[in-house]
Amino acid sequence: MERLILFLYPSFSVLINSVAFKQRLSKAQVWALALTYVGIGIAYFGELRIDTGNPNFFMGSFFVFLCSITYACYLSGTGRMVPVLGPAKFTSYSMLSATTAILLHFLSGRPRVVSRRCP
């Protein structure tokens, strides 16, 4: 189920470029978006009967949805930032921000592990 939601990122990228960067959608893109969301809706509601017994189903779906939007924002911004910064600097900034996020996540989840002294 999570893969279905995660693979919506191309449609989110199209929508972000349309709204934020004022790119017009073609008829083919509109039809592709509509078909994508109808298909995902059918698959998702079919899974509701199976997975809603899990109390974390909707929260997990929401987090995967946020991941998909985050990746779509990254892709939408990449095309405009690489020519400005250059590929090496852009990659460095991307890796630095990802490393910072992972480190903050680690520290917030297990603060006792970091503060222990090594034998």
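Helices here are DSSP runs of H or I with at least four residues, and strands are E runs of at least two, numbered from the N terminus.

**Entry 1: the overall build.** I'm working with a predicted model. I counted elements and got six helices and zero strands in the protein. Going along the sequence, I wrote the pattern down as α-α-α-α-α-α.

Entry 2: How much of the protein is buried? I found that buried residues make up 18% of the 119 residues. I then looked up the accessible surface, which comes to about 9,300 Å². Carbon and sulfur atoms own 70% of that surface.

**Entry 3: α4 and α5.** Two packed helices are described by the angle and the distance between their axes. I picked helix α4 (residues 57-85) and helix α5 (residues 87-109). Their axes come within 8 Å and cross at roughly 135°. Over 145 degrees would count as roughly antiparallel, and 65 to 115 as roughly perpendicular. The α4 and α5 pair is therefore oblique. I also noted the handedness: α4 passes α5 in a right-handed crossing.

**Entry 4: who touches whom.** Which residues of α4 meet α5? On the α4 side I listed Tyr 74, Thr 78, Met 81, Val 82 and Leu 85. On the α5 side I have Pro 87, Lys 89, Phe 90, Tyr 93 and Ser 94. Sorted by class, this contact has seven nonpolar, two polar and one charged residues.

Conventions. Residues are numbered from 1 along each chain as its sequence is written. This is a predicted model: local features need pLDDT of at least 70, side-chain atom pairs count only at pLDDT 80 or more; totals for chains, interfaces and linings use all residues. Side-chain values use heavy atoms; hydrogens and water are left out. Axes are lines fitted to C-alpha atoms, for helices over the stretch in contact, and angles run from 0 to 180 degrees between N-to-C directions. Angles under 35 degrees count as roughly parallel, over 145 as roughly antiparallel, 65 to 115 as roughly perpendicular and the rest as oblique. A crossing is left-handed if the near helix is turned anticlockwise from the far one by less than a right angle, and right-handed if clockwise. Contact means heavy atoms within 4.5 Å. Ala, Val, Leu, Ile, Met, Phe, Trp, Tyr, Cys and Pro count as nonpolar, Asp, Glu, Lys and Arg as charged, and the others, Gly among them, as polar. Buried means under 20% relative accessible area, exposed over 50%, partly exposed in between (1.4 Å probe, protein chains only). Accessible areas come from the Shrake-Rupley method with a 1.4 Å probe; for residues, only the protein chains shown count as cover.
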